[in-house]
Amino acid sequence: MPQIKSVFDWVKQIQYEKEPWSSFSNEEHDIFSNFMVNKIISMNPNHIEIVAEIQEFSMPKEKLYQFYCQVLPKQKSFSKYIKPTKAIYSNEVLGLLASYFQISTREIIDYCSIITKQDIIEILLQTGTSDKEIKKLLK
């Protein structure tokens, strides 16, 4: 049995090897993280709904491991780990745009994908931001 060194090894155990929980050491148990296991398993589009349902409940590590071993099919799979995207604009620009549209900064992040940089410059000009400040903000 291979030694568990990371949360990715735990996911491999859950999805393919399915060894019993008792076969792992306490040090290996400490590596198991409910949050990270849920996050990684949810990267597979076929498992999103299962993860969404189960993460609503606070479960001990052992029970979560056993649940996934029983529910998920035994197969090797690879799901690309989706990293969060880097913000395109600074928090100051997002704040100015959010106040202009009278929405939250979370919502304005979605807006930024559909409005152009030129639109943003025009909006900033309308809010009273000088050309010099706009250049500095949009670097």
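Which residue follows helix 1, and is its phi positive or negative? Helix 1 is followed by Lys 18, and the phi of Lys 18 is positive, near 55°.

## About the model

This is a predicted model, in which local features need pLDDT of at least 70 and side-chain atom pairs count only at pLDDT 80 or more, while totals for chains, interfaces and linings use all residues. Residues are numbered from 1 along each chain as its sequence is written, and side-chain values use heavy atoms, with hydrogens and water left out.

The protein has a mean pLDDT of 88, and 93% of its residues reach 70 or more; pLDDT is the predictor's confidence in each residue, from 0 to 100. Helices here are DSSP runs (H or I, at least four residues), numbered from the N terminus. Where pLDDT is low, the predicted coordinates should not be read in detail.

## Helix 1 and its surroundings

Helix 1 spans residues 7–17, and its buried residues are Val 7, Trp 10, Val 11, Gln 13, Ile 14 and Gln 15. Buried means under 20% relative accessible area, exposed over 50%, and partly exposed in between (1.4 Å probe, protein chains only). These buried residues pack against helix 2 (26–31), helix 3 (34–41) and helix 5, with contact meaning heavy atoms within 4.5 Å.

One of them, Gln 15, is also touched by His 47. His 47 lies in the loop between helix 3 and helix 4 (48–54) and counts as buried because its relative accessibility is 6%. Leaving aside residues up to four places away in sequence, His 47 touches Ile 41, Leu 72 and Pro 73 as well as Gln 15.

## One salt bridge

The count of salt bridges comes to one, the rule being a side-chain nitrogen of Lys or Arg within 4 Å of a carboxyl oxygen of Asp or Glu. Lys 12 pairs with Glu 17, and their closest N and O atoms are 3.6 Å apart. Lys 12 is partly exposed at 44% relative accessibility, and Glu 17 is partly exposed too, with a relative accessible area of 22%.

## Two loop residues with positive phi

Most residues other than glycine have a negative phi, and most peptide bonds are trans. Lys 18 has a positive value although it is not glycine; it sits in the loop between helix 1 and helix 2 and is partly exposed, at 22% relative accessible area.

Gln 102 is not a glycine either, and has a positive phi of about 55°. This residue lies in the loop between helix 6 and helix 7. With a relative accessible area of 71%, Gln 102 is exposed.

## Helix 6 against helix 8

The axes of helix 6 (residues 91–101) and helix 8 (residues 117–126) come within 10 Å and cross at roughly 75°. Helix 6 is therefore roughly perpendicular to helix 8, a label for angles of 65 to 115 degrees. Axes are lines fitted to C-alpha atoms, for helices over the stretch in contact, with angles from 0 to 180 degrees between N-to-C directions.

Helix 6 brings Val 93, Leu 96, Leu 97, Tyr 100 and Phe 101 to the contact, and helix 8 brings Ile 120, Ile 123, Leu 124 and Gln 126. By class, the contact has eight nonpolar residues, one polar and no charged. Here Ala, Val, Leu, Ile, Met, Phe, Trp, Tyr, Cys and Pro count as nonpolar, Asp, Glu, Lys and Arg as charged, and the others, Gly among them, as polar.

Conventions:
Angles under 35 degrees count as roughly parallel, over 145 as roughly antiparallel, 65 to 115 as roughly perpendicular and the rest as oblique.
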